[in-house]
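Q: I have a model open and want to go through its packing. Can you take me through it piece by piece?

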Amino acid sequence: MPAKTNPIGVFDSGVGGLTVLKELLDIMPGEDFVYFGDTARVPYGPRTPEEIRKFTRQILRFLAEQKVKLAVIACNTITFNIIAADVADCPFPVIGMNDSVKAALSVSKAKRVGVIATQATVSSAKHVESGKNIDPEAKVYLQACPEFVPIIERGIFDGPEIEAAVKEYLRPLQDVKIDALILACTHYPLVAPLVGRLMGPTVNIINPARETALDAQRLLVEKDLLNPAKEAGKLRIVFSSVSPETENLAKVFLQRALPQLEVKDVSSYFYCI
């Protein structure tokens with residue numbers, strides 16, 4: 001059993017998962033965190049499930065070396081494309097992104113929920129399955145948004161280019177009259193104000209990052225693994241490659257000062273833990 005003082009691991013295909021890390025830091029400021037972003041192989045959205053699973057196991061092996069007590073998958077694409085066998089051998093619990101379908105349906109009067117995500121997340125259809133399990137009468141509509149991540153990673157969060165892409169992708173969801181929209185990619189909270197403005201006040205915008213952070217806290221409480229320390233915890237951020245653009249984006253996503261960034265290539269890891 002890991003020790004209470006061991007760090008929490010958080011990982012994503014790139015910088016987007018820092019929006020989840022931000023929520024974790026807000027909720028559990030006394031914990032130590034190790035964040036890994038696979039910036040050398042981003043994006044994962046167009047990749048096959050087999051590639052995503054292999055990369056995930058390589059990252060989990062790295063986090064095992066850091067002796068984490070919990071790993072949080074801060075990426076919808078990874079969460080909805082791995083299987084139980086990928087995490088079965090981990091010496092620590094692993095949780096994925098909360099799909100937030102339950103939260104969306106709780107505020108949807110029409111029982112019509114939209115999901116915007118990467119192609120890999122949409123192809124998994126896990127949100128539709130979740131909706132059926134919660135309420136057979138619910139309708140969950142999926143929309144892949146392949147242009148969003150490349151535009152956001154160029155630091156564009158408003159203006160004609162991103163607005164044109166948002167309008168294009170939201171139109172099918174507007175046509176079916178959704179009244180709740182899940183931002184099922186960790187990059188998308190940065191364009192949430194634009195999405196909310198274009199969807200209008202009758203559509204509730206749901207950000208799964210907060211729900212995921214709360215899931216992590218609940219699990220640590222259940223397993224009696226919360227760090228009892230009162231002072232602020234330590235933070236490490238590790239990327240598989242770093243550029244000035246990566247550092248600038250990381251500051252925007254995390255919305256706080258960064259520690260010295262570390263670099264670790266995990267691509268040569270044999271992916272069994």
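This is a predicted model: local features need pLDDT of at least 70, side-chain atom pairs count only at pLDDT 80 or more; totals for chains, interfaces and linings use all residues.

Q: Is T246 buried or exposed?
A: T246 is buried, because its relative accessible area is 11%, and the cut-off for buried is under 20%.

Q: Staying with α12, at what angle do α1 and α12 pack?
A: Helix α1, residues 18-27, packs with α12 at an angle of about 45°, and their axes are 8 Å apart. The two helices are therefore oblique to each other. Their crossing is right-handed.

Q: Which residues meet there?
A: From α1, L18, T19, L21, K22 and L25. On the α12 side they meet A250, F253 and L254. By class, this contact has 6 nonpolar, 1 polar and 1 charged residues.

Q: How many of the residues of α1 are buried?
A: The helix is mostly covered, with 9 of its 10 residues buried. The buried ones are L18, T19, V20, L21, K22, E23, L24, L25 and I27.

Q: And what do the buried residues of α1 pack against?
A: Several elements. The strands are β1 (8-12), β2 (33-37), β3 (70-73) and β9 (235-239). The helices are α11 (208-222) and α12.

Q: Switching to the cores. How many residues has the largest nonpolar core?
A: The largest nonpolar core has 56 residues. L18 and F148 are the ones with the most contacts inside it. L18 is also one of the α1 residues that meet α12.

Q: What does F148 touch?
A: Not counting residues up to four places away in sequence, F148 touches I116, I162, A165, V166, Y169 and Y188. There is also a second, separate core of 22 residues, and F55, I73, I78 and A120 are among its members.

Q: Next pair. How do α9 and α10 pack?
A: Helix α9, residues 160-175, and helix α10, residues 192-199, pack at an angle of about 50°, with their axes 10 Å apart. That angle makes α9 oblique to α10. The crossing of this pair is right-handed.

Q: Which residues make the contact?
A: On α9 they are I162, E163, V166, K167, L170 and Q174. On α10 they are L194, V195, R197, L198 and M199. The residues of this contact divide into 7 nonpolar, 1 polar and 3 charged. I162 and V166 are also touched by F148.

Q: What about phi of K111?
A: Phi of K111 is near 60°, a positive value in a residue other than glycine. K111 is found in the loop between α5 (101-107) and β5 (112-117). K111 counts as partly exposed because its relative accessibility is 29%.

Q: And phi of D224?
A: Also positive in a residue other than glycine, with a value near 55°. D224 lies in the loop between α11 and β9.

Key: Residues are numbered from 1 along each chain as its sequence is written. Side-chain values use heavy atoms; hydrogens and water are left out. Buried means under 20% relative accessible area, exposed over 50%, partly exposed in between (1.4 Å probe, protein chains only). A nonpolar core is a set of buried Ala, Val, Leu, Ile, Met, Phe, Trp, Tyr and Cys residues joined through side-chain atoms within 4.5 Å. Contact means heavy atoms within 4.5 Å. Axes are lines fitted to C-alpha atoms, for helices over the stretch in contact, and angles run from 0 to 180 degrees between N-to-C directions. Helices (H or I, at least four residues) and strands (E, at least two) are DSSP runs, numbered from the N terminus. Angles under 35 degrees count as roughly parallel, over 145 as roughly antiparallel, 65 to 115 as roughly perpendicular and the rest as oblique. A crossing is left-handed if the near helix is turned anticlockwise from the far one by less than a right angle, and right-handed if clockwise. Ala, Val, Leu, Ile, Met, Phe, Trp, Tyr, Cys and Pro count as nonpolar, Asp, Glu, Lys and Arg as charged, and the others, Gly among them, as polar.
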